[in-house]
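Student: Can we go through this model together? I'd like to start with the sheet.

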Amino acid sequence: MRGLLYAEINVEWPEPAVYQEMARAWLDGGFTALAGGHRLALETGPKLPPEAMRSSIPCGPPHAAWGFVSIARHDGRQERRSARVISPRSMSWFLKQLADPPRTATIDLSMLDERGYPGTTVLQIKVDRPEAKDWPDAIDWAVLSCEIPEGDLVDPVRQEVVLSFLRDISEGLDPSFANITYHDGLGKTGLERNLGPPWKFPRETIPTSRQTLRGYEWWTICPKELADALGGVDALRATGAFHEVVRLPSGALWLQATEHYRDYGPDAYTAVFHALSPVLPPGTPKYFDRHESEPAERIVYLDAAARRRG
């Protein structure tokens, strides 16, 4: 059973003008690049009832494209969220909101089911400033994320569409970390889900992501600060663990383990673990039994620190 994947890029929280440019490229650009057909259907199809956001009524014709945009802000006491069904007018409103950076900006797309209610997820793409441990404060970092069906990477043609979009965005940023992992609703990497105690949350690991790599997956970005500890581009290529190793303009390293996502199995992720162990957090991950419908984690159950000592 294939579910949702979660792709993310971590960067320090920028100044408003830089945020606006970054968020627009990620959100508006991702809408077109990753769900262009859906966008066209929304722009040319029948008008969807805006009251469906506030009432328990069908959102449109059965099996039609559907989606909404939302902006969340925090006034120091509570979060205030505004959401609108996607239309040319609501998209214009949404993009204008980015001039004053919100806590979270989201585009959420799905197909309506046979009753006209949201069903299969097509894409959820957002820019978020995660909450700090002491609510309602937030950490000074931005998380650019998207949730996509795993089938988008199993299909080699769609895989290249996703990678091309991620490369275009990454080349314009100075990422401290990026990866694609299974969606867990918490924004954790596969390693973070299994490493503990203490069980750390992204609000704790993102601020230290230039000192310690948060995890490793089929696609990973390692920050420039950790590149030397790995021996640089040539040394990583020599490990044979990666199909592609590229130094981005920022100095960060773009790492793609296998040519095709569908071929990323135990041998491949074991090789990636050994190549990246010098910069991974210490500790032996815990193995958890999973329901047969849940995907197995693509991690190695060994202590990276022990590997370094060995």
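Student: What's the strand order in the open sheet?

Tutor: The ten strands run β3-β2-β4-β5-β6-β1-β7-β8-β10-β9, with antiparallel pairing. Two strands count as paired if DSSP finds at least two bridges between them. Strands (E, at least two residues) and helices (H or I, at least four) are DSSP runs, numbered from the N terminus. This is a predicted model, where local features need pLDDT of at least 70 and side-chain atom pairs count only at pLDDT 80 or more, while totals for chains, interfaces and linings use all residues. Residues are numbered from 1 along each chain as its sequence is written, and side-chain values use heavy atoms, with hydrogens and water left out.

Student: Which are the edge strands?

Tutor: β3 (79-85) and β9 (244-247), each of which pairs on one side only. From one strand to the next, the twist averages 15°.

Student: How many bridges between β4 and β5?

Tutor: Eight, between β4 (residues 104-112) and β5 (residues 118-128), in the antiparallel sense. Within that pair, K126 of β5 stands opposite T106.

Student: And which helix packs on the sheet at β9 and β10?

Tutor: Helix α8 (residues 232-239) touches both β9 and β10 (253-256). The α8 direction makes about 175° with that of β9; axes here are lines fitted to C-alpha atoms, for helices over the stretch in contact, and angles run from 0 to 180 degrees between N-to-C directions.

Student: How many bridges do β9 and β10 share?

Tutor: Four, antiparallel. R247 has L253 in β10 as its bridge partner. Their hairpin has five residues between the strands, and G251 takes a positive phi near 100° there.

Student: Switching to the inside. Which residues touch the most other members of the largest nonpolar core?

Tutor: W26, L27, F94, I107, L144, Y216 and L276, out of 88 residues. A nonpolar core is a set of buried Ala, Val, Leu, Ile, Met, Phe, Trp, Tyr and Cys residues joined through side-chain atoms within 4.5 Å. Buried means under 20% relative accessible area, exposed over 50%, and partly exposed in between (1.4 Å probe, protein chains only). Helix α1 (residues 16-44) gives this core its largest share, nine residues.

Student: Where's the second core?

Tutor: That separate core has six residues, including Y6, A132, I139 and W141.

Student: OK, S209. Buried or exposed?

Tutor: Buried, with a relative accessible area of 1%. S209 sits in the loop between α6 (202-205) and β8 (219-222).

Student: What does the S209 side chain make a polar contact with?

Tutor: The side chain of S176, at 2.7 Å. A polar contact is a pair of N or O atoms within 3.5 Å; within protein, one must be able to donate a hydrogen and the other to accept it, and residues adjacent in sequence count only if both atoms are side-chain atoms. Leaving aside neighbours within four places in sequence, S209 is in contact (heavy atoms within 4.5 Å) with residues including W141, F177 and R214.

Student: And E192, buried or exposed?

Tutor: Buried, at a relative accessible area of 6%. E192 lies in helix α5 (residues 190-194), and its side chain is joined to that of T205 by a polar contact of 2.8 Å. Not counting residues up to four places away in sequence, E192 touches G187, P202, T205 and R214.

Student: Last one: what's at the start of α4?

Tutor: A side-chain oxygen of D155 reaches to within 2.8 Å of the backbone nitrogen of V157. Among the buried residues of α4 are Q159, R167 and S170.
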